[in-house]
Amino acid sequence: MNYAQHQRAPIRHLVGFGVVAAMHLLLGWALVTGLARKVVDVIVAPVETKIIEEHRPPPPPEEPPPPPLAFAPPPPPAYVPPPEVRIAVPPPIAPTITAITTAPPPAPVAITPVLPAQPASVSAPVARLAPPAPSRTAPSLNFNQCEKPTYNAAATRAGVMGTVVVSYVMDTDGRISETRIERSAGPSSEHRILDRLTLDAITRCRGKPGTVDGKPEKLRGSVEYVWKLE
C-alpha cells in the first residue's frame, strides 16, 4: 500500500477527528471548571526564601582602653633669697705728703790769678773780687694748712696708689700761678685721676714764697704727694 492509498482510508480519518474533538472538549471543560486558574495560581504563588544564618556565639566584649596616665605638674622651684653681700669700703686715708724744696744753686766762685812779683818801681794792679751771689730760699707748700686732695669714688673702687711729683711756680703773694706733672702716679686712667686731683689741690693752695736776698720773689718749686690706701 502506498501513501496515497493510506490517505484515502476512511477509518483512520474518523479516528483522528475523534481524538481532536476529545481534546477540544477536555480543554473547554478545564476552562469552565477553573482548572487553568488553579494551575496558574500554583505557578504564580509567591516563593518564600529564608536565609539560614549559621549560629555563632557572640564575640567577647572588648576591654575598655586603660585611662591615660595623669602626670602631676612638677613642684614649683623653691625660692632661695639671694645672699646679702655687704662690701665694707675702707674710709679714705689721708695720703702722706712730702715736700721737696729746691736748694739754691751754689754761688759762683771768682778765681783771681796770682801775678809774679814785679819791681818796686812798677805798681801792682789791684785785684777786683766778684760780687757775692744772692742768697735764695725756695718756695714751700704746707698741705696741713691747705685743702688736701682726697680719693674720689672711681679711684677708690680701682684701689690705685702712687706718688705724684708736681712742679709749680709761686708768686710773691704765695699763690700758685703755674703747675705741671713731673712724675705721674701711674700708667692707668685711674692714676691720671690722681694726677688731676693733685694739680687741683695745689692750685687752690697758698704757700710761703721764695726769697732772694731776703725779698719775696716769683720762684719755681716742686712738691711730692703720695697716694695710698691702707
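Predicted model: local features only at pLDDT ≥ 70, side-chain atom pairs only at ≥ 80, totals over all residues.
Reader: What percentage of the residues count as buried?
Author: Of the 230 residues, 19% count as buried. Buried means under 20% relative accessible area, exposed means over 50%, and partly exposed lies in between (1.4 Å probe, protein chains only).

Reader: How many helices and strands are there, and in what pattern?
Author: The protein has five helices and seven strands. Along the sequence they follow the pattern α-α-α-β-β-α-β-β-α-β-β-β. Helices (H or I, at least four residues) and strands (E, at least two) are DSSP runs, numbered from the N terminus.

Reader: Which strands form the open sheet, and which are its edges?
Author: Three strands form an open sheet in the order β2-β5-β6, with antiparallel pairing. The edge strands are β2 (136-137) and β6 (215-217), each of which pairs on one side only. Two strands pair if DSSP finds at least two bridges between them. Two bridges join β2 to β5 (residues 210-212), and Thr 137 has Thr 211 of β5 as its bridge partner.

Reader: And β7, is that enclosed or open to the outside?
Author: Strand β7 (residues 219-227) is largely enclosed by the rest of the structure, because eight of its nine residues are buried. Strand β7 pairs with β3 (residues 162-170) in the antiparallel sense over nine bridges. Val 166 has Val 223 in β7 as its bridge partner.

Reader: What does Leu 219 touch?
Author: Leu 219 belongs to β7 and is buried, at a relative accessible area of 16%. Leaving aside neighbours within four places in sequence, Leu 219 has contacts that include Arg 136, Thr 137, Tyr 168, Met 170 and Thr 211. Contact means heavy atoms within 4.5 Å. Leu 219 and Met 170 are 49 residues apart in sequence, yet 5.8 Å apart in space, C-alpha to C-alpha.

Reader: Turning to salt bridges, how many are there?
Author: The count comes to five salt bridges, a salt bridge being a side-chain nitrogen of Lys or Arg within 4 Å of a carboxyl oxygen of Asp or Glu. One of them joins the side chains of Asp 171 and Lys 218 (3.7 Å, N to O). Asp 171 lies in the loop between β3 and β4 and Lys 218 in the loop between β6 and β7, so this pair ties together parts that are 47 residues apart in sequence.

Reader: Which partner does Glu 178 have, and how far apart are they, N to O?
Author: Glu 178 meets Arg 220 in a salt bridge (3.2 Å, N to O). Arg 220 lies in strand β7 and Glu 178 in strand β4, so the pair ties together parts that are 42 residues apart in sequence. Arg 220 is partly exposed, with a relative accessible area of 35%, and Glu 178 is partly exposed at 37%.

Reader: Where is the disulfide?
Author: The structure holds one disulfide, a disulfide being a pair of cysteine sulfur atoms within 2.5 Å. The disulfide joins Cys 146 to Cys 205 (S to S 1.7 Å). Cys 146 is in the loop between β2 and α4 (153-158) and Cys 205 in the loop between α5 (189-204) and β5, 59 residues apart. The link is right-handed, with 50° about the S-S bond, and both Cys 146 and Cys 205 are buried.

Reader: What about the phi of Asp 213?
Author: Asp 213 has a phi near 55°, a positive value in a residue other than glycine. Most residues other than glycine have a negative phi. Asp 213 is found in the loop between β5 and β6.

Note on methods. Residues numbered from 1 in each chain as written. Heavy atoms only, no water.
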